[in-house]
Amino acid sequence: GIIIAGHKIDDLDYHSYYIKSLFEKIYNITPHLRIEKKVNTLNLEIWSKAIFKFHNQLGFPRGKKKNKINLPRKIFDNKKLLKSFLRGFIDTDGSIMFQKKHKNIHYYPKINIELNDYKLILNIKEMLSKLNFSYSFFSRFKKHWRNGKWHKSYCIDIYGVANLERWYKSIGSSNPKHASKYLLWKKFGQCPSRLTTPERLKLLEQEHL
């Protein structure tokens with residue numbers, strides 16, 4: 001099987017409509033959406049030996065994937081594929097946020113990627129460099145939210161208005177969680193923190209915050 005996890009509120013529309021329709025279109029199979037009641041997660045599950053073997057041949061191993069994923073090189077050599085990959089990667093494993101910086105509102109944009117997979121983060125760095133994005137790269141130790149153990153993670157931060165505008169012009173987003181943040185910022189010059197996707201979509205209907 002293949003399981004794609006997300007937040008049960010923020011990622012609900014993205015998983016139940018967009019990703020689900022992709023699998024139906026590409027593989028002619030309807031994934032099963034399962035919501036975890038005790039935690040804030042949902043799982044989109046695909047059970048198919050043929051699809052599993054195909055993904056495995058692409059370079060996605062079974063079981064634990066840390067430092068084992070081998071991305072197909074054709075992604076790096078084709079800008080259209082590269083941009084599509086980055087859009088899907090940020091939509092599922094990245095975040096877009098707005099910091100206060102020098103004001104009392106959340107206005108300054110940052111695209112963030114944080115992984116504990118050093119090999120994969122180097123691949124993402126290579127992709128961003130190919131597209132001439134400026135970014136900062138650093139590592140830190142943090143506690144795992146589930147087991148409480150400390151581990152080393154690697155971070156990429158893409159700061160600033162110019163980078164964000166260029167991202168949405170050339171790469172974009174298919175996840176309402178990210179798109180609603182960007183649209184709020186475009187409309188009101190800020191994006192308040194700690195809001196769910198449905199709350200942001202409701203705010204977009206208003207004339208003023």
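1. **Confidence of the prediction.** The mean pLDDT of the chain is 93, and 99% of the residues reach 70 or more. Among the elements of the chain, helix α7, which covers residues 176-188, has the highest mean pLDDT, at 97, while β6 has the lowest, at 90.

2. **Cysteines.** How many disulfides does the structure hold? The count is zero. Cysteine 155 is buried, with a relative accessible area of 1%, and cysteine 191 is also buried, with a relative accessible area of 5%. For a reader new to the term, a disulfide is a covalent bond between the sulfur atoms of two cysteines.

3. **Aspartate 10, a buried charge.** Aspartate 10 sits in the loop that runs between β1 (2-7) and α1 (12-27). This residue is buried and yet has no salt bridge, and the nearest side chain of opposite charge, that of arginine 200, is 4.1 Å away. What the side chain of aspartate 10 does reach is the backbone nitrogen of threonine 197, at 2.8 Å. Once residues up to four places away in sequence are set aside, aspartate 10 touches Asn175, Lys177, Leu195, Thr196, Thr197 and Arg200.

4. **Salt bridges, and the pair of arginine 34 and glutamate 36.** The structure has seven salt bridges in its count. In general terms, side chains of opposite charge can pair when their charged atoms come close. One of the bridges joins the side chains of arginine 34 and glutamate 36, with 2.7 Å from N to O. Arginine 34 is partly exposed, with a relative accessible area of 31%, and glutamate 36 counts as partly exposed as well, at 24% relative accessibility.

5. **Arginine 73 and glutamate 126.** Arginine 73 forms a salt bridge with glutamate 126, and the closest N and O atoms of this pair are 3.0 Å apart. Arginine 73 lies in helix α3 (residues 73-77) and glutamate 126 in helix α5 (residues 118-130), so the pair ties together parts that are 53 residues apart in sequence.

6. **Lysine 186 and glutamate 165.** Another salt bridge is formed where the side chains of lysine 186 and glutamate 165 meet, at 2.9 Å from N to O. This pair links distant parts of the chain, since lysine 186 belongs to helix α7 and glutamate 165 to helix α6 (residues 161-170), 21 residues apart. Lysine 186 is partly exposed, with a relative accessible area of 47%, and glutamate 165 is partly exposed at 26% relative accessibility. Turning back to arginine 34, salt bridges that share partners join Arg34, Glu36 and Glu45 into one network.

7. **Histidine 55.** Is histidine 55 buried or exposed? Although its relative accessible area is 19%, histidine 55 is classed as buried, because buried means under 20%. Histidine 55 lies in helix α2, residues 49-58, and, not counting residues up to four places away in sequence, touches Ile2, Tyr27 and Phe60.

8. Serine 136 is partly exposed, with a relative accessible area of 27%, whereas phenylalanine 141 counts as exposed, at 59% relative accessibility. Leaving aside neighbours within four places in sequence, serine 136 is in contact with Cys155, Ile156, Asp157 and Tyr159, while phenylalanine 141, with such neighbours left aside, is in contact with Trp150, His151 and Lys152. The C-alpha atoms of serine 136 and asparagine 112, which are 24 residues apart along the chain, are separated by 9.8 Å. For phenylalanine 141 and leucine 120, which are 21 residues apart along the chain, the C-alpha atoms are separated by 18 Å.

Key:
Residues are numbered from 1 along each chain as its sequence is written. This is a predicted model: local features need pLDDT of at least 70, side-chain atom pairs count only at pLDDT 80 or more; totals for chains, interfaces and linings use all residues. Side-chain values use heavy atoms; hydrogens and water are left out. A disulfide is a pair of cysteine sulfur atoms within 2.5 Å. Buried means under 20% relative accessible area, exposed over 50%, partly exposed in between (1.4 Å probe, protein chains only). Helices (H or I, at least four residues) and strands (E, at least two) are DSSP runs, numbered from the N terminus. Lys and Arg count as positive and Asp and Glu as negative; His and the chain ends are not counted. A salt bridge is a side-chain nitrogen of Lys or Arg within 4 Å of a carboxyl oxygen of Asp or Glu. A polar contact is a pair of N or O atoms within 3.5 Å; within protein, one must be able to donate a hydrogen and the other to accept it, and residues adjacent in sequence count only if both atoms are side-chain atoms. Contact means heavy atoms within 4.5 Å. pLDDT is the predictor's confidence in each residue, from 0 to 100.
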